[in-house]
Amino acid sequence: MIEAGPPNVDLARVVKLADFEALARERMERATFDYLIGGSWDEITRAENETALRRRRLRPRVMLDVSSIDLATHVLGRKAAMPVGLAPAALPGGTCGGAEVPVARAAARAGIPFCISTFSVCTLEEVASTGAGDRWFQLYIQKDRSITRDLVERAAAAGYRAIVLTVDIPVPGTRERDVRNELPAPDHFANLPGSEAHGQERDAFVRELNEQRLSWDDLSWLASLTDLPIVVKGVLTGEDAHLAVEHGAAAVVVSNHGGRQLDRVPATIDVLEEVAAAVAGRAEVYLDGGVRRGVDVLIALALGARAVFIGRPYLFAVSVAGEEGVARALGLLGAEVSTAMALLGISRPADITRAHVC
Ligand SMILES: Cc1cc2nc3c(=O)[nH]c(=O)nc-3n(C[C@H](O)[C@H](O)[C@H](O)COP(=O)(O)O)c2cc1C
């Protein structure tokens, strides 16, 4: 379980995002750490997300005025303090106070969007009650469409600014670490009153709730339920990106679910340009998967993303040091983006171009 209390680590000694992973590995229950870090089957895609980003090289320009660096950008028409957001994550259990609430507070302090999962530990209303902040709600379409409709209405009423429809999990990928650890499902999911696991294992519970019979018409149906912008998360091809936009998506997230769904799909950075070309400016394009450094953020921007989202790094940060841990992680990432921008010869995210990456 994630049970973050007050910081119990010396955050001054945490100097990069990966340090949180090492601390979590030392301190967390093995099954919880495995749930967070794990990918599906051989975990090839999970690893590849990071290595593919690390293979890319930058082309800096020199003798440019970088005396004033501004990380701010706009996502879905709202200002974000940097081109980074926090990706949705279904947590393995624990109490609300140690989960999305501290994350939401840290994201609001940092001025960036935070997306909570349908399968969050806190209810979407509890997260909203933390005060101001740019919050998005990630939706899994439920077999029971009235529950789906209800979730969308609740999110709008609670002030969420976007619905993020995750489309890459018709069935859960097989994460063998969880199988080996016999990871149980929570008794119920906080946002789904009436959901009862009845002792099932986690994947079976998710399968029971999530709709497997989806088509692009369901995106149009979803759009008819709400005025909120819809972000389609989990697109890896130009064809699907095009269809998402045609059916009303305001943005697409190039994502392979952090390598937790179909193993052996490409690293997200390697398909970003294909997706950006298919979208052709008609919607915003974001990327997640393997972003661990400020330079990763800039490489994604150069190849067509407006912003990136991070997953595991903030989950490890909240698990070892609560809100302050997430704040530290975001502070470190922002500082890296800023330094990298100066060294690359750009002052604003919008200045980065394809020519900055080899
Ligand atoms: C523990 C965990 C739970 C996740 N749960 C969800 C979820 O409920 N909904 C969703 O759309 N994506 C979920 N994801 C995927 C993330 O939103 C994101 O795509 C991925 O973590 C990005 O890769 P990264 O962890 O390498 O940054 C989850 C990821 C992790 C690690």
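Predicted model: local features only at pLDDT ≥ 70, side-chain atom pairs only at ≥ 80, totals over all residues.
User: How many helices and strands are in the chain?

Analyst: Helices (H or I, at least four residues) and strands (E, at least two) are DSSP runs, numbered from the N terminus. Here the chain has 13 helices and 10 strands. Its radius of gyration is 19 Å, close to the 21 Å from the globule rule for 358 residues, so the chain is as compact as a globular protein of that length. That radius is taken over C-alpha atoms, and the rule is 2.2 Å times the number of residues to the power 0.38.

User: What share of the residues is buried?

Analyst: Buried means 20 or more other C-beta atoms within 10 Å of a residue's own; 12 or fewer is exposed, in between is partly exposed, and C-beta atoms are placed from the backbone. By that count, 51% of the 358 residues are buried.

User: How do I read the two faces of a strand, say E5?

Analyst: In a regular strand, side chains alternate between the two faces of the sheet. Strand E5 (residues 135-139) has five of its five residues buried. Arg135, Phe137 and Leu139 cover one side, and Trp136 and Gln138 the other.

User: Which strands pair with E5?

Analyst: Two strands pair if DSSP finds at least two bridges between them. Strand E4 (residues 114-116) runs parallel to E5, joined by three bridges, with Phe114 opposite Arg135. Strand E6 (residues 163-166) also pairs with E5 in the parallel sense, over three bridges, and there Phe137 faces Ile163.

User: Where does the helix come into it?

Analyst: Point the strands away from you: if the path from the first strand over the helix to the second runs clockwise, the crossover is right-handed. E5, helix H6 (residues 145-157) and E6 form a right-handed β-α-β unit.

User: Is E9 (residues 284-288) enclosed or open, and why?

Analyst: Largely enclosed by the rest of the structure, because five of its five residues are buried. Glu284, Tyr286 and Asp288 sit on one side, with Val285 and Leu287 on the other. Strand E8 (residues 251-254) runs parallel to E9 over four bridges, and E8, helix H11 (residues 268-279) and E9 make a right-handed β-α-β unit. E9 also pairs in the parallel sense with strand E10 (residues 307-310), over three bridges; Tyr286 has Ala307 as its bridge partner there.

User: Which residues come nearest to the ligand?

Analyst: A residue is near a molecule if its C-beta atom, placed from the backbone, lies within 6 Å of it. Of the 24 residues around the ligand, Ala87, Ala90, Ser117, Gly258 and Gly311 come nearest. Helix H2 (30-37) and helix H13 (312-344) are the elements giving two or more residues to the shell.

User: And where is Gly97?

Analyst: Gly97 lies in the loop between strand E3 (84-86) and helix H4 (100-110). Gly97 counts as partly exposed because it has 15 C-beta neighbours inside 10 Å. From Gly97 to Gly258 is 161 residues in sequence and 25 Å in space, C-alpha to C-alpha.

Conventions
Residues numbered from 1 in each chain as written.
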